[in-house]
Amino acid sequence: MADPSGSQRQSLYKPLGSPSWKEAFRQGCLERMRNSRDRLLNKYRQAGGNMPGRTQNTLLVQEVMEEEWNALQSMDGGPEVLAQLEQPMDLAVLEEIQQELIDQEQSIISEYEKSLQFDEKCLSIILAEWEANSLICPVCTKYNLRITGGVVMCQCGLYIPCHSPELTEQKLRACLEVSVNEHSAHCPHIPEFSVTEGTEEKSSLLMSCLVCDTWAVII
């Protein structure tokens, strides 16, 4: 996570009359939460995708406030900054900052959940198209695949000599559906398909997912 530079943070806390360091602490906490999006979502996924209750059970709010406070205390800003930090923090101000962070945390998670729902909807559409229509190329998702003379081809340029002469569109469709369903059982994101060169001069159709870091050879 990239923290604001020392000079940037120091500029927030002086001069003494404008603005108050409490407002600067608030802004620093909000910025730190925005920059901690990946860390927050990792915690959310580790919790099994369950959003805890409010305030006392938040995922990252307390850590963010403590980290920002420690950063301020370690800042080399001279006597003006130290004098401001020694001022007592109003409990109501702390609770207000905490609530803003809770709202921001929940907003990030809500946005992430909406993206997952969109991915699931797209995946359902792709599977439905595979079942109802001619076999759609998983690489370009635009043209139909054809298997002719032991070669899998598509107008997009996909060209894979078959590893099995018995391969048919029905068998390839079944392989694709099994692989996609197995992946979706543990990861809600849509996998990508690509053609990769094999070790024995034959190309292969590869399914991979950058989110869960998995891959599988389809043919």
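This is a predicted model: local features need pLDDT of at least 70, side-chain atom pairs count only at pLDDT 80 or more; totals for chains, interfaces and linings use all residues.
**Charged pairs, ring pairs and a hairpin**

Residues are numbered from 1 along each chain as its sequence is written, and side-chain values use heavy atoms, leaving out hydrogens and water.

How confident is the predictor? The mean pLDDT of the protein is 76, and 74% of its residues reach 70 or more (pLDDT is the predictor's confidence in each residue, from 0 to 100). Confidence is lowest in helix H1, residues 6-12, with a mean of 46, and highest in strand E5, residues 203-209, at 90. Helices (H or I, at least four residues) and strands (E, at least two) are DSSP runs numbered from the N terminus. Over residues 4-18 pLDDT stays under 50, and for that stretch the model has 25 contacts beyond four places in sequence (a contact means heavy atoms within 4.5 Å).

Now back to Glu 63. Which residue does Glu 63 form a salt bridge with? The partner is Arg 39, and the closest N and O atoms are 3.0 Å apart (a salt bridge is a side-chain nitrogen of Lys or Arg within 4 Å of a carboxyl oxygen of Asp or Glu). Glu 63 sits in helix H4 and Arg 39 in helix H3, so this pair ties together parts that are 24 residues apart in sequence. Arg 39 is partly exposed too, at 27% relative accessibility.

Arg 39 also meets Glu 67 in a salt bridge, at 3.1 Å from N to O. That pair again links distant parts of the chain, with Glu 67 in helix H4 and Arg 39 in helix H3, 28 residues apart. Glu 67 counts as partly exposed, at 24% relative accessibility. If you step back, you will find a network of salt bridges linking Arg 32, Arg 39, Lys 43, Glu 63, Glu 67 and Glu 68.

The structure holds seven salt bridges. One of them joins Glu 100 and Arg 26, with the closest N and O atoms 2.5 Å apart. Here, too, distant parts of the chain are linked: Glu 100 is in helix H6 and Arg 26 in helix H2, 74 residues apart. Glu 100 is partly exposed, at 22% relative accessibility.

On to the rings. There are two aromatic pairs in the structure. The ring centres of Phe 25 and Trp 69 are 5.9 Å apart and their planes stand at 85 degrees, so this pair is edge-to-face. Rings of Phe, Tyr and Trp (its six-membered ring) pair if their centres lie within 6.5 Å; planes under 30 degrees apart count as stacked, over 60 as edge-to-face and the rest as tilted.

Tyr 44 is buried at 4% relative accessible area, and Tyr 112 is buried at 7%.

Finally, the strands. Six of the seven residues of E5 are buried, so E5 is largely enclosed by the rest of the structure. Strand E4 (residues 192-197) runs antiparallel to E5, joined by six bridges (two strands pair if DSSP finds at least two bridges between them). Phe 193 stands opposite Met 207 in E5. E5 also pairs with strand E6 (residues 214-217), in the antiparallel sense, over four bridges. Ser 208 has Trp 215 in E6 as its bridge partner. E5 and E6 form a hairpin with four residues between them, and Asp 213 in the turn has a positive phi of about 55 degrees.

One last stop is Val 139, in the loop between H6 and strand E1 (146-148). Val 139 is partly exposed, with a relative accessible area of 34%. Leaving aside neighbours within four places in sequence, its contacts are Leu 158, Phe 193, Ser 194, Val 195 and Leu 205.

Notes:
Buried means under 20% relative accessible area, exposed over 50%, partly exposed in between (1.4 Å probe, protein chains only).
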